[in-house]
Amino acid sequence: MSGSGNSATQNSATETLDPPMPQRLPTSLVEVGMVVGLLIAVLVLWEAAVYVFKPAPIILPAPSVIWQEFLLSPGYFLQMSAFTLYTTLAGFGLAVVLGLALAVGIVHSKFIERTVYTLLVALNSVPKVALAPLFVIWMGTGVEPKIAIALMLALFSVVIDAVLGLRSVDPDMVNLARASRASSFAILRKIRFPNALPSIFAGLKVAISFALVGAIVGEFVAGSEGLGFAILTAQGQFDTPRVFVCLMLLGLLGTALFFVVEACERLLLPWHVSQRGGGGSGH
Amino acid sequence: MAYLSISGLRKTYGSPRGPVTALRGIDLEVNEGEFVSILGPSGCGKSTLLKCIAGLEGTSAGTIRVDGQVLAAPPKDMGIVFQRDVLLDWRTILDNVLITAEFAGLKGPAVRERALALLGRFGLGGFESRHPWELSGGMRQRAAICRALLCDPKLLLMDEPFGALDAMTRDDLNLELARIWQDTRKTVVFVTHGITEAIFLSDRVVIMDRNPGRIVEVIDIDLPRPRHLAMRESPEFGRYVARVRHLFASLGVLKDDAP
């Protein structure tokens with residue numbers, strides 16, 4: 001998660017520094033090239049280290065062994081990944097819908113703020129992972145408890161950032177709308193919500209990673225599918241290469257999900273300061 | 001009867017050290033088609049007074065009538081311009097201007113045509129599909145004025161609209177506002193702390209003082225219209241400026257350094 005955060009700040013930094021538009025694409029290609037290069041370098045170094053130091057395969061298998069393990073049963077691994085992806089997206093999607101609705105309620109009603117918001121903060125200070133067994137008791141060992149745990153882990157960051165965004169609107173913007181006799185729903189839709197989007201997306205980027213954590217935790221606790229389950233069974237058989245395949249797929253999945261959210265942000269917020277190219281000259 | 005009439009207006013705020021009186025004993029009548037400036041030092045409550053007229057702030061006592069109706073909410077047929085342009089970054093200039101129509105439930109090509117015509121008139125033709133951050137401060141404020149004028153309001157409220165602009169842009173916009181007023185004869189209440197600006201634009205200048213915010217004098221500006229920037233060098237104009245300065249000096253707002 002921290003790695004993804006770093007690359008996000010790097011992106012915006014280079015974008016503000018690049019003056020002309022046509023140079024932006026090659027720069028980002030160079031960036032991608034650098035990341036891929038770094039990954040290859042790490043893998044090569046890893047392979048070489050295993051070749052030289054010969055650790056027990058159960059402790060650290062070589063990347064080539066991990067790759068062969070994946071090739072042995074790609075269908076199995078992809079099926080497990082698909083299940084985890086589904087759980088993550090379902091939990092994340094529900095967290096977004098529920099979180100935004102809660103945030104709107106919290107901003108609009110002092111009562112909801114005092115009750116629901118306080119409860120949410122209290123709930124967030126309980127290690128939510130510890131609640132996972134309870135969810136299994138309530139919902140069984142199917143997909144539902146996993147989705148519920150993913151939802152619970154993702155929800156808080158959605159709500160916190162959405163509330164922050166909805167609140168931090170320029171009072172004069174609201175005054176302008178009120179002076180035009182706008183309804184409070186119109187103010188929400190046309191001013192508060194678009195104004196909150198950058199903040200909401202900051203929350204979504206954190207939430208998507210948390211949803212993945214939640215899905216894995218759910219699979220750890222009980223179940224018969226998903227990458228978390230695959231890791232657990234492989235561990236039981238001391239099949240370290242298999243554990244590593246799952247870990248790498250998880251890394252890929254998490255990174256891909258983060259960048260999908262970021263791509264949505266770019267698509268939806270071309271107007272935001274962080275997305276503007278060198279062309280803007282505001283002041 | 002006056003289009004806007006304020007009588008016995010008082011506005012107090014609660015504060016930890018007891019109530020603070022922001023405005024006291026405000027009586028003011030503004031006729032239809034009149035341009036009235038409210039001039040005063042910072043903290044005299046002139047912006048608060050404007051927000052009360054706009055129906056954006058409640059009052060503690062007294063009544064405000066707009067077009068004969070006692071004010072309870074923002075009145076119909078009102079446009080407002082703030083010191084900051086508050087354009088929405090996610091909308092183009094045209095869509096920013098159109099937002100007042102959207103709030104009023106107006107849509108369609110006619111409103112769009114009107115918005116484009118207004119933008120053209122304010123020198124923003126060709127900029128309608130740009131975003132606010134691509135424009136200079138002066139252009140942004142022009143767009144904000146277009147937005148206020150879009151629904152052809154009878155009452156135009158302006159809260160130090162040119163206060164954040166440089167002197168040249170300010171002159172420019174003063175002239176444009178004077179022209180627009182000349183053509184449309186809207187009722188305008190214009191809050192400012194610029195003496196020259198107030199005299200140049202107005203039929204009457206309302207002078208306010210602070211602690212508590214109150215009206216100390218109303219000066220009729222009897223200068224010919226249409227007005228031109230060069231008039232600011234005329235002796236009559238100078239006399240008005242001197243009179244206002246003298247008044248502020250006697251109130252202790254302006255310190256006179258003459259011996």
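Guide: A salt bridge is taken here as a side-chain nitrogen of Lys or Arg within 4 Å of a carboxyl oxygen of Asp or Glu. By that criterion, 4 salt bridges are counted between domain 1 of chain B and domain 2 of chain B. This is a predicted model, in which local features need pLDDT of at least 70 and side-chain atom pairs count only at pLDDT 80 or more, whereas totals for chains, interfaces and linings use all residues. Residues are numbered from 1 along each chain as its sequence is written, chains are lettered from A and ligands numbered from 1 in the order in which they are written, and side-chain values use heavy atoms, with hydrogens and water left out.

Domain 1 of chain B comprises 1-77 + 155-259 and domain 2 comprises 87-153; such bounds come from an automatic or database domain assignment. Taken over C-alpha atoms, the centres of the two domains of chain B are 26 Å apart. Contact (heavy atoms within 4.5 Å) involves 15 residues of domain 1 of chain B and 11 residues of domain 2 of chain B. Between them the two domains bury about 1,200 Å², with 64% of it on carbon and sulfur atoms. Buried area is the accessible area (1.4 Å probe) that two parts lose on being put together, summed over both. On the side of domain 1 of chain B, the residues that lose the most area to domain 2 are B:Glu176, B:Ile180 and B:Lys186, together 38% of what that side buries.

B:Glu176 meets B:Arg142 through their side chains at 2.6 Å, N to O. B:Lys186 pairs with B:Asp152, the closest N and O atoms being 2.5 Å apart. This second pair links distant parts of the chain, 34 residues apart: B:Lys186 is in the loop between α5 and β8 (187-192) of chain B, and B:Asp152 is in the loop between α4 (137-149) and β7 of chain B. Helices (H or I, at least four residues) and strands (E, at least two) are DSSP runs, numbered from the N terminus. B:Lys186 is buried at 8% relative accessibility, while B:Asp152 is partly exposed at 44%. Buried means under 20% relative accessible area, exposed over 50%, and partly exposed in between (1.4 Å probe, protein chains only).

The domains of chain B also share 6 residue pairs in polar contact, both residues at pLDDT 80 or more. A polar contact is a pair of N or O atoms within 3.5 Å; within protein, one must be able to donate a hydrogen and the other to accept it, and residues adjacent in sequence count only if both atoms are side-chain atoms. On the side of domain 1 of chain B that touches domain 2, β7 (155-159) and α5 (167-184) are the elements that give two or more residues. The largest share of that side, 7 residues, comes from α5(B).

B:Arg91 lies in the loop between β6 and α2 of chain B and B:Glu102 in helix α2, so the pair ties together parts 11 residues apart in sequence. B:Arg91 is buried at 12% relative accessibility. Leaving aside residues up to four places away in sequence, B:Asn96 touches B:Leu87, B:Leu88, B:Arg91, B:Pro132 and B:Arg147. B:Asn96 is found in helix α2 (residues 93-103) of chain B and is buried, with 0% relative accessibility.
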